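Hi,

Here is the structure I promised to pass on. Have a look at it first, and then read on for what turned up.

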Amino acid sequence: MNKRVAVIGSSGGNLYNLGGKDPFALLEAIKIQLDAAGIEMAAVQFVAADVSMDQAKSHTPARLIVMEKGELKVSFEGKLAEVNKKAKEFDKALAEQIERGEIDGLILVSADPKDTNSEAVKAGAEKGLPAVGTGGTSVAHARSVGLNVVAASGTTGSTNRTRAVSYAAGLANYWNLRYKPVIGSYQEKISDESPFKRINFRGIMVTSLPAFIAMAITIALSRIPGFDVFNEVFDVMIEALPVVVAVVAAKQVSGYDEVGIVAGVVSGVLSTKGGIIGGLLGGIASGIMVPYLVAFSTKRNFPATTVNILSGGLSGLLSGLVMYFGFSPIALAAGNGVRTLIQTALDYNPIVAGAISGLLIWPAIIGGVYHAAILPIILLEMEQYGNSFLGAIDAVGLVVTAAGITLANILYPRTRADRIAALPVFFVLTVFGTFVEAAYPFMFADKLVFAAALISATAGGAVAGYFNARGMAYVPILVAPFMSNNTVGFILSMLTTLTIALLLTVSANRIYKGAQHSKNKMEAHNL
C-alpha cells in the first residue's frame, strides 16, 4: 500500500514571498512530487492569509484549504482568527486519523505546532511518524515536542518546486522508496491579478541570493595560490548580478515563465550601469509590461510567435532603454548611498557599529525585519565588495550564536529531549550556515538563553567591527572565514561568539536543572 501523508501549515512569513502567496500552486507542486515517489497526499490543513504572517492581524482575510475526495478546496473563508479557529477543528480530526493509523507521515509547511497544528503534531510524535518540513521556527517547535523530523530547512532561497522535492525526497529516503523528481511537467497557472500586486522586493532579492553566494565563492577561490584567474571571474560575476536580479523580478512580476525570463534578460543587460537596484527596477518594469503586451497582442489575434516576440523582447527593450538612458545613474547612486552609510558608521567607531549590529540582529529576524531589510542591504554590499559587513554579523551573530546554543544543549542539555532536538540542528547550522530559527525553542524557553544569544552576538559583532571583517552566511561555518576580507578577524569573531554562547547557555541549563532538582526535593519532602 502507498504511504499516506498529511500536509499541514500556512502561507507563512518569509514563505509568503517565496511561493506561499499562491497556496494552490504550492500544494499542487507538493502533490506532484509525492505522486512521483508513490506517496499519497491523504490530508491537507493549510491556512492561507492575504499577507505575510509577519504582518498579519486577527482581522486579516484568510482561507482554510483542505483536501476532500482527492481534490484541494477552500473549506472556509473569513478573518484570520476565525480561520484559525476552524483549522483547529480539522487539526483535532487529523489527530484522530493519526491515532487510528490512517496517516503515515507529516509535511510541515510553516506550521504552527504550538497552536493551530498542535494536536496533529502531538499525535504524530506519540505515533513516531516521520515528518519533513520547512520554516525554521515551526520545525524547531515540532522537534521540541518529540516529533521525528527526518528532513528540514528554512525557506530562504527556496521555491515551491525545490521545497516539494525536498519533502518527497526526505520521506522517500526514510521509507526506502524509489523517487525521481518531476522537473518540467508542472505548469504554473498564470494569475489574473495585476502585476503590480506581484511586486515584492524581498521575494526578488531572496530568490537571487544563490547568485551572490556563487560570486562570493569566486573570491575564496581567487585567494588560493595559482587561482588568480578567478579575479577575472569575479569581475564577470559582478556584471552579471543585475541581470540575475532583473530576470527574477521580471519572471515573478509578469506571472509568465519563459517570456518573463527573456524580458528580464534584455532589461537586465541594459540596466547593468545601475547595479543591482538598476536590475531590480528594470526587471520589475519589464515584468509589468509583459502581461499588458500579451493581452494587447492576443486580442488582435497576433500569431503566437509574434506574441512572444512583442511581450518578451519589446517589454525588455523598452524598460531597459529607460534604465540605460535615464534611471541607471539614480539607481547606482542609491546603492552607493547605502554602502557609504554603512562604511561611515564603521569609520566613526567600528567596535560600536559592530556591537549594535550584533545586538539588533536577533530582534530583527524574530520580528520579520531581516529578510525585508537586512538581507537586501547585505546583497547591496556584496555587489561592490563580494562580501558584506552585515553579512559577517549575520554569520557570526546568528549562525554561530545558534550553533553555540545548540552545542551547549548537546553537551549539557536541560532534558534528554533537548539533546535529541539539538543534534541535527547543530549539523545543519555548521554545514549549511542557515536554519538559525532552530535555536528559538531554547531561547524562548529560558530568558537566560535568550540573553546569552544577545550577549554573544553583540560581542562577536564588536570583534568583527574591530577587524572590519566582511563575510556572509549560508555557507559552511568552516568555509565562511576564507570568503571574508579578513580571515583571522572573522575567525576570532566566530570563536568569541561561539564560546560565549556555549558557556552562557550551559550556565543557564545548569541553573535550570539546579532549580528543578531543588523543586523536586521540596515536593518529595512535603509528601
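Which elements do the buried residues of α4 pack against? Keep in mind that this is a predicted model. The partners are the strands β5 (105–109), β6 (130–134) and β7 (148–153), along with the helices α3 (118–127), α15 (416–432) and α16. Seven of the nine residues of α4 are buried, so this helix is largely enclosed by the rest of the structure. The buried ones are Gly136, Ser138, Val139, Ala140, His141, Ala142 and Arg143. Just after α4 comes glycine 146, with a positive phi of about 100°.

α4 also turns up in the second largest pocket, where it gives the largest share of the lining, four residues. That pocket holds about 810 Å³ of space. Its lining has 36 residues, and Gly12, Gly13, Met53, Asp54 and Thr137 lie nearest the centre. By type, the lining splits into 12 nonpolar, 18 polar and six charged residues. Among the other elements that supply at least two lining residues are β1 (3–10), α2 (80–99) and α12 (350–366).

Is serine 315 buried or exposed? Its relative accessible area is 0%, so serine 315 counts as buried. A polar atom of its side chain lies 2.3 Å from the backbone oxygen of serine 311, and the side chain also reaches the backbone oxygen of glycine 312 at 3.3 Å. Leaving out residues up to four places away in sequence, serine 315 touches Ala263, Ser286, Met289, Val290, Leu293 and Leu310.

Cheers

Technical notes:
Residues numbered from 1 in each chain as written. Predicted model: local features only at pLDDT ≥ 70, side-chain atom pairs only at ≥ 80, totals over all residues. Heavy atoms only, no water. 1 Å grid on protein atoms, 1.4 Å probe; cavity = no way out; pocket = protein on both sides within 12 Å on 5 of 7 lines; lining within 4 Å. Points joined across faces, edges and corners; volume = space filled by probe spheres on them. Nonpolar A, V, L, I, M, F, W, Y, C, P; charged D, E, K, R; others polar. Buried < 20%, exposed > 50% of the residue type's maximum accessible area, 1.4 Å probe, protein only. Contact = heavy atoms within 4.5 Å. Polar contact = N/O pair within 3.5 Å; in protein donor to acceptor, adjacent residues only side chain to side chain.
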